Amino acid sequence: MVRNLAKIIIKGLILLGLLLIILKLLEPLFTESTTSVWTNFYAQEKDSVDILILGNSHANAGIDQDVIRAKLNANVVTLATRGQNIYQSYYCALEAYKYQTPEVLIIENFLFYERLTMEAFVNQDPTINDYMKRYLTFEGKKFGDVKIKEARAFFKGSLVENMLPTIKKHSRWTDIGKIKRRLYENEKKGKQRGTTVVSVSSSKEYEKQSKFDLDKYNLLPDEEKALQNIIDLAKEKGTKKIILLTIPFYKKYRNKIDYNSLNEPLKKITKNNEGVLEYIDLNRIYPNWNRTYFSNDPVGYNQHLNYKGKIVASNYIIENVITKAFNKPVKINKHDSFEKCFYNKTIKDSVISNGNLLGNLEKLNKEGFKASEIVNQIDKVIILEGWMAIKDKQSTFEDEKLLILIRDSTFIYFSSPSQISFKERKDVTKYYEKDNKLYDYSGFNVKINSEQLEKGKYTVYMAIKNKTGEVAIKNTHKTIDVR
């Protein structure tokens, strides 16, 4: 009897284990994002993170981590997610400080945009988009005391179902279309960047609109408490600098709201935590940014910086805000990021133009590309055509190809995968007398909105990363003067 009962228990445990494994394997099909910020965070060695970022999509759109990594030689990690608020950031900080003690903590101030008390946040309608976004800071977090506390604080339902997205979101089991998209997602390789600018028509809509739904950014008592808890935790653990950072707003919106409603409480908190806390409002640094620094989002309160705005804002953070303590020796190898190669002042052209990349920049706006060209920003679109391939390597459509336009150390433009299309170039393979269609897929066409470029003279580089991670870069010795 006892033996039979033991067998039943063992079989039950095995079955339960198999069920949990199946639910875990199916989890990516039902989570809010195909990738989690926690995946990268947990991959870091203990106490190796120099700069930690908390925030929402405004932080992701306004802070270029690769630029900061390259120019400071610092390890930067972000836990910013779409729609995150300060209550969620507190639990992100609780989990993060179990593994890391960053020297610098950046807290992005659009975290206060919701203007919700803790009670109102917890009791949001579970079917709305803002409610679903809260899973982005929750899913992917390791099972432990912080995740249990967060589940009980923020989510309705049992603890077990909240820990398992496959069960919690059982209503999605029949959404075959979405499941297929998750299974067969095939995005262009490389870092996607904000490549749009606020259109002239959208700019006029801002002028017409006299009032916006969100016209105050005041700090609620519950929000202030959550912020102070993060600050106290960081100070206790040994973080040397905490930055409250406000990413620029589009001025035609900012000038029609009570923008200063957030200013005074943040100044007060900074004064109460003098010595470790710094409040930086980039709206006061760049008060007159026009539409070309912002993405063409729907007209409203949620304007994000585009890539142009992101470059300028990130360079200000580096030069004027971030500590200069990250003076580690810099070593460059062929698998490093493009940003590390170009933003590091020790890199010489002779190092990166070592013959590993073959190619030519042949056309500008469908005309032959001379050694130096002038582009008027009124023309808007710059079309660059040519070909590139790593020497003696099979060129494929899966290679990450981009153009890099360098004005100076404060403004370097890396093209986005969304801006490139690929072309067959059998003539290249034929010219080099190669077999196996070696360079047949080396052609490219890159379209860049000239309004995304600061005015000035740019040298154009070609760069490619193949599927093995090998990087090759070449100076075309051709320039574009944007006027």
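1. In this predicted model, K363 stands opposite G368 in strand β7, and strand β6 (residues 357-364) is joined to β7 by two bridges, the two strands running antiparallel. Strands here are DSSP runs of E with at least two residues, helices are runs of H or I with at least four, and both are numbered from the N terminus; two strands count as paired if DSSP finds at least two bridges between them.

2. Both β6 and β7 belong to an open sheet of five strands in the order β7-β6-β9-β13-β12, with antiparallel pairing. Its edge strands are β7 (367-368) and β12 (420-423), each of which pairs on one side only. Strands of a sheet pair through backbone hydrogen bonds, either parallel or antiparallel.

3. Strand β14 (residues 456-465) deserves a separate look. Seven of its ten residues are buried, so β14 is largely enclosed by the rest of the structure; buried means under 20% relative accessible area, exposed means over 50%, and partly exposed lies in between, with a 1.4 Å probe and protein chains only. Strand β10 (residues 400-408) is joined to β14 by seven bridges, running antiparallel, and L402 stands opposite A463 in β14.

4. Ten bridges join β14 to strand β15 (residues 471-482), again in antiparallel fashion, with K457 standing opposite D481 in β15. These two strands form a hairpin with five residues between them, and G469 in the turn has a positive phi of about 90°.

5. Among the helices, the axes of α5 (residues 86-96) and α13 (residues 221-237) come within 9 Å and cross at roughly 20°, which makes α5 roughly parallel to α13 (angles under 35 degrees count as roughly parallel, over 145 as roughly antiparallel, 65 to 115 as roughly perpendicular and the rest as oblique). The axes are lines fitted to C-alpha atoms, for helices over the stretch in contact, and angles run from 0 to 180 degrees between N-to-C directions.

6. Residues of α5 that meet α13 include Y87, Y90 and L94, while those on the α13 side include L227, I230 and L233; contact means heavy atoms within 4.5 Å.

7. For the whole protein, the secondary structure comes to 20 helices and 15 strands, and buried residues make up 54% of the 483 residues.

8. Residues are numbered from 1 along each chain as its sequence is written, and side-chain values use heavy atoms, with hydrogens and water left out. Since the model is predicted, local features need pLDDT of at least 70 and side-chain atom pairs count only at pLDDT 80 or more, whereas totals for chains, interfaces and linings use all residues.
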